[in-house]
Amino acid sequence: MFGPRLLLLLPRMRVCVVTRQRSVHKLTSLRKAAQLPQKKLQSLLFPFSRLEPCLDSSVDRAPFQLFHPSLEAMVKAETLFCSSPSHHIDYLASAERLDHVPVLRQPEVCFIGRSNVGKSSLIKALFSLTPEVEVRVSKTPGHTKKMNFFRVGKAFTMVDMPGYGHRAPKDFVDMVEPYLSSRRNLARTFLLVDGSVGLQRADLVALEMCEEMRRPYVVVVTKIDKCGRGALLTNLLNLQGALNTQTTCCFPQPFLVSSLHFLGIHLLRCFVAHVTGHIQLSDTSPS
């Protein structure tokens with residue numbers, strides 16, 4: 001059983017204690033999640049498990065379950081997202097052009113996607129164990145106009161990129177493409193796709209751009225709580241078809257998340273920790 005096993009694991013790890021009075025999601029930590037019933041915990045940690053029973057038996061499930069870390073690995077990854085005196089997490093800088101980007105040595109991950117796809121909300125959810133980190137979230141599409149850098153101690157940097165598509169900054173291409181092509185410490189690009197509407201024309205252009213860069217990237221399917229399972233499955237299978245036929249640099253497994261209900265956030269934290277070199281996994285497929 002996940003719940004009791006998690007409770008046994010957590011005391012052996014450094015556990016983040018949130019001391020600020022700002023509102024924190026009740027499922028932000030694995031300690032809280034471990035109190036859920038088994039089925040709900042499984043769905044929280046591995047959202048694809050909610051959809052799997054609805055799939056036809058002919059559908060290959062393997063591409064959706066390549067990254068399946070142990071509970072120990074997810075607990076270890078969680079500690080990276082907890083601020084402490086020796087591991088400070090904070091906003092670092094913003095930049096409008098590549099020559100304004102801070103020079104850093106630690107690994108870096110960036111998040112790109114259509115305007116209003118939920119980039120800032122996702123980053124806020126990932127950082128929810130450290131609620132004092134200010135990640136501005138707006139309901140207005142195109143709110144993020146700059147590249148915003150967040151420092152996660154000495155471990156890695158996370159970058160919130162401007163959105164493309166509706167109301168994107170006029171110099172989006174001049175800002176983002178040089179960064180993606182030349183940033184030496186960029187460990188992984190996370191391309192966000194709205195799961196409630198599926199792949200859009202702008203997303204296909206973004207896929208082409210990532211392929212041209214020849215840098216590793218992964219697709220994150222956001223807002224999986226915003227539509228029914230049938231529509232989500234249709235959008236997910238269409239996406240998987242595009243990944244299978246149109247990409248060579250993309251990690252084959254899309255990551256399903258809901259920033260509102262915290263589905264998939266713990267798994268995505270673990271993947272970030274893995275690609276930045278802070279967790280070595282031997283019990284899951286290579287990425």
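Contacts, core and cavities in a predicted model

Phe 127, in this predicted model, touches Phe 81, Ile 89, Val 133, Val 135, Phe 150, Val 152 and Met 158 once its neighbours within four places in sequence are left aside.

Student: Which residues have the most contacts inside the largest nonpolar core?
Tutor: In soluble globular proteins, nonpolar side chains tend to be buried together. Here the largest nonpolar core has 89 residues, and those with the most contacts inside it are Phe 127 and Phe 190.

Student: Which helix gives the most to this core?
Tutor: The core in question is the one of 89 residues. Its leading contributor supplies eight residues and spans residues 265-275, which identifies helix α10.

Student: Which element supplies the largest share of the lining of the largest cavity?
Tutor: The lining of this cavity, which holds about 40 Å³ of space, includes Val 193, Asp 194, Leu 232, Asn 235, Leu 236 and Leu 239. Both β5 (186-194) and α9 (229-246) supply at least two residues of that lining. The largest share amounts to four residues and comes from α9.

Student: How many residues of the lining of the second largest cavity are nonpolar?
Tutor: The second largest cavity, with about 30 Å³ of space, is lined by Leu 180, Thr 189, Cys 210, Met 213, Arg 215 and Tyr 217. Because Leu, Cys, Met and Tyr count as nonpolar, while Arg counts as charged, the lining divides into one charged, one polar and four nonpolar residues.

Note on methods:
Residues numbered from 1 in each chain as written. Predicted model: local features only at pLDDT ≥ 70, side-chain atom pairs only at ≥ 80, totals over all residues. Heavy atoms only, no water. 1 Å grid on protein atoms, 1.4 Å probe; cavity = no way out; pocket = protein on both sides within 12 Å on 5 of 7 lines; lining within 4 Å. Points joined across faces, edges and corners; volume = space filled by probe spheres on them. Core = buried A, V, L, I, M, F, W, Y, C linked by side-chain atoms within 4.5 Å. Buried < 20%, exposed > 50% of the residue type's maximum accessible area, 1.4 Å probe, protein only. Contact = heavy atoms within 4.5 Å.
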